[in-house]
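Hi everyone, thanks for coming.

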Amino acid sequence: MLDYPAILSEIQEVYLADSAPWVIGFSGGKDSTAALQMVFYALASLPPEKLSKEIHVVSSDTLVENPAVVKRVDEQLGEIADAGKHQLFAHKPDLFNVAKVTPKLEDTFWVNLIGKGYPSPNRWFRWCTDRLKIKPTSEYVLKTVNHSGEAIVVLGTRRAESSSRAATMDNHAKGGRLHRHATLLGASIYAPIADLSNDEVWAYLLQAPNPWRSDNRRLLSLYVNASGMGECPFVIETGTQSCGRSRFGCWVCTVVDRDKSMENLIHNGEEWMEQLLSFRNWLHEIRQETAQHVPKGVDSSPKFGPFLLATRRRILDRLLGMQEDLDVELISPAELDFVYDLLQREAAGEVKQGPREFLLKLGDERRLKVISDFELLAAGRRRLGPTHLTHAELLRTRRVSSDYARSTRVLYYVQ
Ligand code: SF4
């Protein structure tokens, strides 16, 4: 049963225990709303002089979020900033910050898919979550850690989301609700509503007035209209469940076979999203067609390499056409410039594709700038990433195995 006073008192205890700033993940979904709402209530009942450490409410925008959700999250971030600075932290408004994090230009969905040719993500090659979500949020947390020495990331994660989630929460402090982050040094995770059930979260949201004056019944109606599945969480750990199986994930998500949430939103009045859905379905279809991909290997079955240049141009044309029709920004001008540049350079032959012969012909001290790390794994599966290598270094360190060089494609600029 929901022990509301115990949760609030634990939140106060954790907040007062040290000087580590809090980074509260806010996705606009019910769980992060409930967690943030409880933090507001818990802190509001402390004397102002005890509210002396920073709070950062951080929302991650993949730049391909479902537009119905983006609008609502943006509205709420403004309301949260207002309530945090002018009510909760009226004595020291600078301690309360609201931020939105987005992927770097070279990591965005369109730059990777159209510019570099990454095939639409699926369960086996889900290259997106790390670039679109984990990296931007981790960078924010690390910046906070660098500045303050440590940080506590407060999440709306719940055990009931999945059994693997429950298992990873066991054996930690406060019944698993507080634990060190596995890889971000200096960061801990605190999940104050970890033990609540789905029904308890809804009951709480519908009974307790929202402290930043948003209407939680609107949130419920968004869920009812999208009907049926889990939500897209604020992701900061690779173990967190993918948002691919959820509503409120990226509108382009092809990790799921069908985007039932978008289908339901359309059915419930958002007819304008039909074009988005049909584009997503098309991306999902061409992912399965070998003719759309660069043959992956000499020996292996030729499928599921990067998308062909012609395919990527078709994707871009269709995306731009839809953007014009709908009058909604689907790809930013900066992404578009970057994508055009990559496509042009590839078409002009400045970008060399694949691999072995090209690597071996580079016999002088010219350098390679590797601009895509598409399956670029060194021996031992270390990620090489964008880097500069001379041919001699490549051979000497054997950082690119001959198997790798034969079996995949990398984009190189010769310098
Ligand atoms: S919602 Fe889908 S496309 Fe977006 S990051 Fe998650 S898995 Fe990738």
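Let's begin with Trp 22, which stands opposite Ile 152 in β4. Strands here are DSSP E runs of at least two residues, helices are H or I runs of at least four, and both are numbered from the N terminus. A quick word on the source: this is a predicted model, where local features need pLDDT of at least 70 and side-chain atom pairs count only at pLDDT 80 or more, while totals for chains, interfaces and linings use all residues. Residues are numbered from 1 along each chain as its sequence is written.

β1 (residues 22-25) and β4 (residues 151-154) pair in the parallel sense over 3 bridges; pairing requires at least two bridges found by DSSP. Zooming out, the open sheet has 6 strands, ordered β3-β2-β1-β4-β6-β5, with mixed pairing. Which strands stand at the edges? They are β3 (96-101) and β5 (178-180); each has a single partner strand, so one side of each is left without a neighbour in the sheet.

Contact means C-beta atoms, placed from the backbone, within 7 Å.

Now the helices. α1 and α2 are roughly perpendicular to each other, a label for angles of 65 to 115 degrees. The α1 side of their contact is made by Ile 7, Leu 8, Ile 11, Gln 12 and Tyr 15, and on α2 we find Met 38, Val 39, Tyr 41, Ala 42 and Leu 43.

How values were computed
Parallel < 35°, antiparallel > 145°, perpendicular 65-115°, else oblique. Contact = placed C-beta atoms within 7 Å.
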